[in-house]
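Hi everyone, and thanks for coming. I'd like to walk you through a structure that may be new to you, so let me put it up on the screen.

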Amino acid sequence: MAVVLVLVLIVVGSVLFHLLSPWWWTPIASNWDYIDNTIIISFWITGIVFAAVVLFMAYCVFRFRHREGNRAAYEPENKRLESWLMIVTAFGVTALLVPGLFVWSRFVTVPGDATAIEVVAQQWQWSFRLPGKDGKLGTSDTRDVTADNPLGVAPKDPNGQDDVLVQAADLHLPVGKPVKVLLRSIDVLHDFYIPEFRAKMDMIPGSVTYFWFTPTRTGTFQVLCAELCGQGHPLMHGVVVVDTEQDYLAWLGQQQTFAQLSAPQQSGSANQPPGKIIASNLGVAANSKLSRSAQ
Amino acid sequence: MSVILVFLLVIAGFAGWWLSHQRLTAKPWLEQGLAGDFVGFDRSALPTAKIGLGVFLAVVGCLFSLFTSAYFMRMGLPDWQPLPLPRLLWLNTGMLVLSSVALQCAVVAARKGQIDNVRLGLATAGFTTLAFLVGQLMAWRQLTGDGYLLASNPANSFFYLITGMHGLHILGGLVGLGRTSVGAWNGARPERLRLSVELCAMYWHFLLFVWLCIFALLAGWAATFIDICQRLLT
Amino acid sequence: MVDVTPADAVPPAEVGEVELYHPHSWWTKYVFSQDAKVIAVQYSATATAIGLVALVLSWLMRLQLGFPGTFDFITPEAYYQFITMHGMIMVIYLLTALFLGGFGNYLIPLMVGARDMVFPYVNMLSYWIYLLAVLVLVSSFFAPGGPTGAGWTLYPPQAIMSGTPGGQDWGIILMLSSLILFIVGFTMGGLNYVVTVLQGRTRGMTLMRLPLTVWGIFTATVMALLAFPALFVACVMMLLDRVLGTSFFMPAIVEMGEQLQHNGGSPILFQHLFWFFGHPEVYIVALPAFGIVSDLISTHARKNIFGYRMMVWAIIAIGALSFVVWAHHMYVSGMNPYFGFFFATTTLIIAVPTAIKVYNWVLTLWRGDIHLTIPMLFALAFIVTFVNGGLTGLFLGNVVVDVPLSDTMFVVAHFHMVMGVAPILVIFGAIYHWYPKVTGRMLDETLGRFHFWVTFVGAYLIFFPMHYLGLMGVPRRYAELTDMTIMTESARHLNSFISIMAFIVGFAQMVFLFNLIWSIRHGREAGGNPWRATTLEWQTPQTPPEHGNFGKELPIVYRWAYDYSVPGAKEDFIPQNVPGDFAPSREPA
Ligand code: HEM
Ligand SMILES: [Cu+2]
Ligand SMILES: [Cu+2]
């Protein structure tokens with residue numbers, strides 16, 4: 001009999017937990033509230049099924065538990081009932097799938113006016129590249145990566161010269177403008193994930209992946225890496241700041257282009273190439289963090 | 001992954017055909033007694049060992065289909081540079097065909113009870129198979145000599161990997177062939193000998209088939225063939 | 001009513017007296033035994049032992065997650081090594097080995113009425129190779145650099161690079177070698193299970209008279225034979241990449257500022273191969289559980305399984321469909337996004353036959369005579385956790401919902417519920433059910449109930465709240481959750497709570513182990529058929545069954561496996577080998 005009680009408690013408890021617990025998704029900051037809505041639909045449908053099955057089971061155990069002299073009924077099958085259940089299930093599954101596929105088709109169709117920006121991952125930091133005045137990103141290749149060109153932008157490509165590089169620093173985005181995020185990695189798999197934006201996608205060395213979204217409110221959001229990429233994986237945080245148009249332009253004005261960044265080293269200046277400083281600093285930062293937690 | 005899916009479809013076809021003879025729509029609660037103990041509804045009349053080998057060959061087929069799938073997938077990338085196949089492979093193919101034929105002769109002889117011919121067939125098969133393996137090794141040496149090293153390019157890696165895997169399976173078969181031969185010379189029971197010779201033949205035919213597919217794949221004909229089919233379809 | 005006498009019956013392909021290898025010494029009887037029952041026990045004991053290692057590893061991980069910063073020896077490296085070994089051991093070396101090698105070996109020959117597996121020698125080899133695989137795996141704990149920390153998915157390039165523990169040391173090499181051995185060993189065993197079901201069935205045992213346990217294990221084995229080659233291929237290719245410097249999966253890479261030699265490989269190719277194995281693998285552990293739980297419910301509710309034919313068809317349908325859904329693990333892997341439409345559809349279609357099975361289990365309870373024995377309790381708990389995990393699977397299979405949830409704790413909670421907790425509960429139920437046959441004695445009831453309640457309620461409390469952490473966005477495989485803006489104070493408390501529950505559940509398993517060992521000597525005598533069950537394994541002349549299983553004569557099967565509470569019959573069960581007609585001559589309304 002305890003089991004009947006526990007089964008009922010599990011249903012009631014799970015529903016209450018769902019409704020009352022403080023653990024829920026973060027306030028959304030992108031256009032993907034479609035996804036949230038699909039999740040809500042899923043919660044409704046699956047919640048009802050879960051409660052129905054478990055409560056029915058509890059009732060059966062209560063009603064048909066063994067007592068002296070009981071004997072089970074004999075019923076090998078019931079075609080009608082089974083067909084009905086199958087139809088109802090198929091219907092429920094369709095109700096989940098159709099909105100899901102509908103939203104997915106939006107997810108994979110990038111709007112024409114989306115600005116392409118590039119996120120480059122490496123163990124264990126994020127860098128970004130924005131198109132310059134020409135509005136185009138230059139090509140890139142992992143084989144072009146050197147200490148002075150840590151993102152591997154093709155040095156010969158004229159489109160790439162005015163690209164704005166944000167190396168191991170915060171990325172800013174203007175609010176309300178759709179962005180197509182091109183994702184690239186120069187070492188292992190990573191995954192660019194910002195919980196508030198809902199979207200994520202793996203980055204694969206050797207190819208460029210993408211997703212798109214429109215930031216819908218200003219604020220500072222944390223980037224998390226969501227694909228195991230070695231021992232620094234849990235520390236691979238980054239920051240994306242969504243600005244008003246004005247603030248964004250102000251920030252953009254302070255950034256350096258690829259040409260500017262590679263200039264000092266081409267003229268043979270004694271200065272250390274900036275890329276190297278950043279890379280090695282970060283390496284140290286990540287490593288010291290790791291060893292700190294190791295102590 | 002299309003090759004493996006096609007392969008699994010074939011397996012599913014077999015399974016479906018077999019299941020369709022098993023009265024899966026019967027209502028077992030209505031049938032008492034020895035119902036179903038007719039030929040065909042029950043176990044197969046084939047020797048169990050043959051069925052076992054058949055299942056094993058399905059697994060081997062699956063393995064090579066997967067290699068093929070991986071090969072095609074990698075081949076689809078733009079920087080694919082296939083390596084030239086050594087002429088020697090033709091000779092090796094001939095050797096493998098010979099060994100298959102020899103084993104088939106041994107099967108026929110075993111069915112007729114001609115033990116001398118069985119021995120002859122087994123010996124021929126053994127030698128031609130060894131020749132095949134040696135030939136494959138020479139082909140490898142020739143390629144490495146020409147600078148097509150294992151690690152220098154994915155096409156090379158696939159070549160060595162797939163031919164190597166096939167060679168290993170042949171090597172495993174040779175163990176079985178060896179045991180059969182020992183039986184043939186030491187006077188094993190005729191029906192036992194017949195079964196083992198048949199098993200060897202089955203395995204050899206299958207590996208010959210696999211080799212022909214691999215050969216077509218590595219030579220690039222398989223890709224051309226699929227290309228033509230696709231064009232015909234569209 | 002079909003009642004026929006054999007016209008042209010094929011003689012049973014039993015393992016004949018000549019081939020049945022009779023043990024001559026203690027060594028051949030208990031160690032190098034060719035008796036499937038001994039091999040089953042060997043498989044089970046080895047799987048349990050290595051499973052305990054995985055359990056301890058899960059404690060260590062929960063220590064770190066629940067009480068971050070308290071345990072200094074759990075570095076990120078160590079955490080990733082634990083997570084990898086935990087996942088791999090649980091999925092492959094525990095669940096697969098226990099269901100197929102353990103239950104398959106013990107139950108198939110007994111349930112189909114065979115003297116032994118059809119190739120006993122190969123069957124023995126299978127176990128020893130499995131043991132070798134386990135030893136190689138364990139040896140990586142002691143290798144320089146420790147075991148691999150690549151995650152159980154072993155995704156390259158990371159798995160064989162120096163940023164990952166064991167990537168440039170022995171860890172990954174030993175892991176891949178161990179997997180290759182496992183697959184070779186499994187294939188030997190798998191051939192036996194399949195061919196024994198095909199050829200070893202006794203007279204009258206048609207396919208539709210097989211207990212669902214056999215159907216489940218049989219289908220799972222067929223799937224495993226076809227799916228494991230994909231893992232084999234992936235392992236061999238990765239081993240070559242690691243050892244000989246080929247580039248199957250390795251594109252051009254800059255590691256820590258240095259250009260590596262590799263060029264032109266495709267990391268996605270590995271993922272396709274891995275999941276081509278990995279998804280069927282989920283059903284390889286689920287289908288035997290489905291089968292076993294059907295038999296537990298039917299036996300302990302004294303009622304025939306509802307919709308037997310539908311259950312069989314559903315098993316076959318699930319088995320076939322599960323080969324065309326693999327890429328639902330790769331929705332956000334960067335593969336062609338249009339694949340998402342196809343794979344989401346196939347994935348949700350699988351939900352239909354799976355749901356049918358659930359309905360039929362609960363409908364078997366309806367108007368049953370439910371004995372709340374421990375196996376029955378575990379079966380009920382299985383339904384709860386399986387339904388819960390199956391339903392969250394609908395979230396993750398529905399491609400766009402997977403986008404925010406993939407690689408978060410939601411996924412961890414989902415797969416633990418559906419392929420961790422649910423099958424393990426069935427394993428426990430099955431052990432309580434068949435232990436009397438294996439040892440001749442019952443497991444202790446009080447300890448058993450304690451074990452049940454703590455395990456079921458505890459596991460639910462571990463994994464149900466965990467979904468909500470995932471919903472918040474907490475990623476999986478995070479050795480520390482420091483400096484994260486989404487981690488609230490209350491979420492940290494929740495993590496501590498989960499960890500404490502994990503320890504309590506783990507403790508209950510020690511009680512279970514004690515029960516297992518203690519009851520061998522001190523348990524209540526069971527008799528041959530304590531549950532009054534119909535299937536053949538309960539009809540053996542001796543308990544535990546001896547070598548050859550059925551004494552002089554093989555049983556002949558006259559009826560299906562579910563003649564419980566047949567109207568008109570005196571007892572509420574009629575064993576499969578009892579002739580005569582007790583069934584109503586028409587279908588009841
Ligand atoms: C009470 C028992 C268990 C506990 C407390 C537990 C705990 C954990 C924890 C803490 C993780 C790491 C989560 C993360 O940080 O991403 C994990 C991962 C995992 N567990 Fe369990 N686990 C248990 C039982 C099982 C069982 C029975 C299975 C069998 C299927 C299993 C399979 C896995 C797998 C496959 C992973 C993923 C490993 C990876 O990400 O590479 N676990 N488990
Ligand atoms: Cu990462
Ligand atoms: Cu899956």
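Let's begin with salt bridges: over all chains, the count comes to 19. Please keep in mind that this is a predicted model. The general idea is a simple one: side chains of opposite charge can pair when their charged atoms come close.

Let me show you a few of these pairs. In chain B, B:Glu198 forms a salt bridge with B:Lys50, and their closest N and O atoms are 2.8 Å apart.

Over in chain C, have a look at C:Asp563 and C:Arg559. They form a salt bridge in which the closest N and O atoms are 2.7 Å apart. How much relative accessible area does C:Asp563 have? The value is 0%, so C:Asp563 counts as buried. C:Arg559 is buried too, with a relative accessible area of 0%.

Now to A:Glu77, which I'd ask you to find on the screen. Within chain A, A:Glu77 forms a salt bridge with A:Lys79, the closest N and O atoms being 3.7 Å apart.

A:Glu77 forms a salt bridge with C:Arg309, and here the closest N and O atoms are 2.7 Å apart. How many salt bridges are there between chain C and chain A? The count is one.

That brings us to the interface itself. On this interface, 126 residues of chain C are in contact with 101 residues of chain A. The area buried between the two chains is about 9,800 Å², and carbon and sulfur atoms give 69% of that area. Which three residues supply more than any other three of the area that chain C buries against chain A? They are C:Phe395, C:Val400 and C:Tyr468, which supply 6%.

There are polar contacts as well: 34 residue pairs between chain C and chain A, counting pairs with both residues at pLDDT 80 or more. On the side of chain C that touches chain A, helix α9, residues 339-365, gives the largest share, with 15 residues. Sorted by class, the residues on that side are 78 nonpolar, 30 polar and 18 charged.

A quick word on chain A as a whole. Chain A has seven helices and eleven strands, and of its 295 residues 52% count as buried. If we take the contacts in chain A between residues at least 6 apart in sequence, 71% of them join residues at least 24 apart.

Next, the ligand. Ligand 1 has 22 residues around it, and those that come nearest are C:Tyr79, C:His86, C:Trp152, C:His416 and C:Arg477. C:His86 has a polar side-chain atom 2.8 Å from a nitrogen atom of ligand 1, and for C:His416 a polar side-chain atom lies 2.7 Å from a nitrogen atom of ligand 1. With C:Arg477 the backbone is involved: one of its polar backbone atoms is 2.6 Å from an oxygen atom of ligand 1.

Where does the shell come from? Elements that give two or more residues are α2 (36-66), α3 (76-112) and α12 (409-439) of chain C. Of these, α3(C) gives the most, with seven residues. By class, the shell around ligand 1 holds 13 nonpolar, six polar and three charged residues.

One last stop, in chain B. B:His169 is in helix α5, residues 154-185, and is buried, with a relative accessible area of 14%. Beyond its neighbours within four places in sequence, B:His169 is in contact with B:Val60, B:Leu63, B:Phe64, B:Tyr203 and B:Leu207.

Technical notes
Residues numbered from 1 in each chain as written. Chains lettered and ligands numbered in written order. Predicted model: local features only at pLDDT ≥ 70, side-chain atom pairs only at ≥ 80, totals over all residues. Heavy atoms only, no water. Contact = heavy atoms within 4.5 Å. Buried area = accessible area lost by both parts, 1.4 Å probe. Salt bridge = Lys/Arg side-chain N within 4 Å of Asp/Glu carboxyl O. Polar contact = N/O pair within 3.5 Å; in protein donor to acceptor, adjacent residues only side chain to side chain. Helix = DSSP H or I, 4+ residues; strand = E, 2+ residues; numbered from the N terminus. Nonpolar A, V, L, I, M, F, W, Y, C, P; charged D, E, K, R; others polar. Near = heavy atom within 4 Å. Buried < 20%, exposed > 50% of the residue type's maximum accessible area, 1.4 Å probe, protein only.
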